[in-house]
Each structure stands twice: as C-alpha cells, then as structure tokens.
Amino acid sequence: EARQRLAEKVLVEVSDQDWRARTLCAYLAPHEIGYFTSSSAQDIVRAKLVCDSCDVKEQCLAYALRTNENTNVYGGKSEQERRSMKRAEIFNRRQQR
C-alpha cells in the first residue's frame, strides 16, 4: 500500500508539470512571489488577485488539495481556506454514509 501511494504521488507530480508551466505566478518578479508564501493578510489578497486572473487556477487548487499542501496560496485559496474545504468534504462524506 505504501508503494501504491508513492507511485500515485509521483504520477500526480509528473502529470502536474504541464499546468505548472502555464501558471501566471511563474512569470512574476521575485518580490511578488513572496505574496504566495507570506502570512500577511495584505500579501494573501495580492496573491489571490494574481490567481483570479490565472488560466490554471482550478488545477492549482486541485493539486494543493490532493497533495495536502498546508502552506502558501494555491488556486486562489489560503491554507486556512483549503483546510476548511477539506473539513467540509470530510463532513459531507460522513453525512452521505
């Protein structure tokens, strides 16, 4: 089972390379990249504004959720927002049982 999980993670990372090349944030100046890693509310808003204009925002968010990224802004969502999304997903799955 551990090998299966590792193989799936590697496949996810390889398949995700295509969309990563098309991210808007890949073309930002170095000081602007810091918006995505900052815990400042103002920087998080700036990062989200970049995400809002990005063509691969959905793929980025899906990647962050799938790989349990627990820092930074991905797909227009902060780490707290993604945690809330995960909790809601778990709650909904439990309710459907």
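Four helices, α2 (17–20), α3 (30–37), α4 (41–52) and α5 (57–66), each supply at least two residues of the lining of the largest pocket. The model is a predicted one. Of the lining, α3 gives the most, with 3 residues.

The largest pocket holds about 280 Å³ of space. Its lining has 17 residues, and those nearest the pocket centre are Cys25, Phe36, Cys60, Val73 and Tyr74. Sorted by class, the lining has 11 nonpolar, 4 polar and 2 charged residues.

Two of the residues nearest the pocket centre, Cys25 and Cys60, are cysteines. How many disulfides does a search of the whole structure find? The search finds 0. Cys25 is in no disulfide, and the nearest cysteine sulfur, in Cys60, is 6.2 Å away. For Cys51, the closest cysteine sulfur is also that of Cys60, at 6.0 Å, which is too far for a bond, because a disulfide needs the two sulfur atoms within 2.5 Å.

| Residue | Relative accessible area | Class |
|---|---|---|
| Cys25 | 26% | partly exposed |
| Cys51 | 7% | buried |
| Gln80 | 44% | partly exposed |

Cys51 counts as buried because its 7% falls under the 20% limit.

Gln80 is part of helix α6, which covers residues 79–96. Between Gln80 and Asn70 the C-alpha to C-alpha distance is 8.4 Å, with the two residues 10 apart in sequence.

Definitions and conventions: Residues are numbered from 1 along each chain as its sequence is written. This is a predicted model: local features need pLDDT of at least 70, side-chain atom pairs count only at pLDDT 80 or more; totals for chains, interfaces and linings use all residues. Side-chain values use heavy atoms; hydrogens and water are left out. On a 1 Å grid over the protein atoms alone, a cavity is a set of points where a 1.4 Å probe fits but cannot get out, and a pocket is an open set with protein on both sides within 12 Å along at least five of seven lines; lining residues have an atom within 4 Å of a point. Grid points are joined across faces, edges and corners, and a volume is the space filled by probe spheres set on the points. Ala, Val, Leu, Ile, Met, Phe, Trp, Tyr, Cys and Pro count as nonpolar, Asp, Glu, Lys and Arg as charged, and the others, Gly among them, as polar. Buried means under 20% relative accessible area, exposed over 50%, partly exposed in between (1.4 Å probe, protein chains only).
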